[in-house]
Amino acid sequence: MNRFVLLALVFVSSLALAQAPQRIRGTITSLSGDSLMVKTREGRDVTLHLPADAQVVTPKLTTAAEFKPGSYVGVTSVKGPDGRLVAQRVHALGPQVPQMHGAWDSIPNSMMTNANIESSAQVSGGNELTLKYKDGEQKILVTPQTEFFTFAPGSRADLKPGETIFTGARNEGGKLIAQRVAVSKDGVRPPQ
């Protein structure tokens with residue numbers, strides 16, 4: 001009986017992993033109907049399938065003034081020399097993006113914090129954001145080098161060869177399904 005329980009747990013765990021979104025970053029090679037072909041930054045060729053209602057967004061550079069207490073943001077940070085987290089990029093998030101704080105892969109040794117801005121305070125070296133998410137709180141330093149991004153609605157016409165993309169795709173029946181694609185525009189690349 002214990003063997004059966006163990007096999008069932010392994011099976012359920014593998015199903016959960018199969019449903020976890022895969023982060024895809026890369027350069028568009030072509031778009032044919034609902035199939036978006038991408039060369040990943042690791043050099044793999046992947047095909048993303050776009051449902052009819054797939055959302056396309058384009059990033060825009062903005063300023064810190066765009067983000068006030070209560071704003072829901074994603075902050076890519078790295079540890080500074082003193083051990084504090086230092087924001088490299090801050091970008092707007094939609095309500096569908098889960099709250100979290102954990103390792104990230106857009107910048108080497110980076111962390112991602114998806115949270116609401118609780119407050120901002122002037123400190124040595126810049127402003128310190130207090131970010132609250134369901135499992136806790138982070139204090140992250142924003143410096144003059146931190147980049148800020150928002151997103152504008154895009155369309156499939158923005159999915160041109162040579163543009164870069166970011167998406168969290170799900171494997172469904174052996175196909176990578178991309179419900180939302182952030183695509184570069186006017187030289188501004190997706191910050192995620």
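Student: How do the residues of the lining of the largest pocket divide by nonpolar, polar and charged?
Tutor: There are 12 nonpolar, nine polar and four charged residues in that lining. Nonpolar covers Ala, Val, Leu, Ile, Met, Phe, Trp, Tyr, Cys and Pro, charged covers Asp, Glu, Lys and Arg, and the others, Gly among them, are polar. This is a predicted model, where local features need pLDDT of at least 70 and side-chain atom pairs pLDDT 80 or more, while totals for chains, interfaces and linings use all residues. Residues are numbered from 1 along each chain as its sequence is written, and side-chain values use heavy atoms, without hydrogens and water.

Student: What volume does the largest pocket have?
Tutor: About 780 Å³, taken as the space filled by probe spheres on grid points joined across faces, edges and corners. A pocket is an open set of points on a 1 Å grid over the protein atoms alone, where a 1.4 Å probe fits, with protein on both sides within 12 Å along at least five of seven lines; lining residues have an atom within 4 Å of a point.

Student: Which residues lie nearest its centre?
Tutor: Of the 25 lining residues, Pro21, Val97, Pro98, Phe166 and Gly168 lie nearest the centre of the largest pocket.

Student: And which strand gives the largest share of that lining?
Tutor: Strand 12, with five residues; strands are DSSP E runs of at least two residues, numbered from the N terminus. Strand 6 (85–92), strand 7, strand 8 (110–123) and strand 14 (180–183) are also among those supplying at least two each.

Student: What about the second largest pocket, how much space lies there?
Tutor: About 310 Å³. Its lining has 18 residues, with Arg89, Thr164, Arg189, Pro190 and Pro191 closest to the centre. Strand 1 (22–32), strand 11 (147–153) and strand 12 each give two or more of them. By class, seven are nonpolar, six polar and five charged.

Student: Switching to rings: how many aromatic pairs are there?
Tutor: Two, across the structure. Trp104 and Phe166 have ring centres 6.4 Å apart and planes at 50 degrees, so that pair is tilted (centres within 6.5 Å; under 30 degrees is stacked, over 60 edge-to-face, the rest tilted; Trp uses its six-membered ring).

Student: Why does that pair tie together separate parts of the sequence?
Tutor: Because Trp104 is in strand 7 (residues 100–104) and Phe166 in strand 12 (residues 164–172), 62 residues apart in sequence.

Student: Are Trp104 and Phe166 buried or exposed?
Tutor: Both Trp104 and Phe166 are buried (under 20% relative accessible area with a 1.4 Å probe, protein chains only; exposed is over 50%, partly exposed in between).

Notes. Helices (H or I, at least four residues) and strands (E, at least two) are DSSP runs, numbered from the N terminus.
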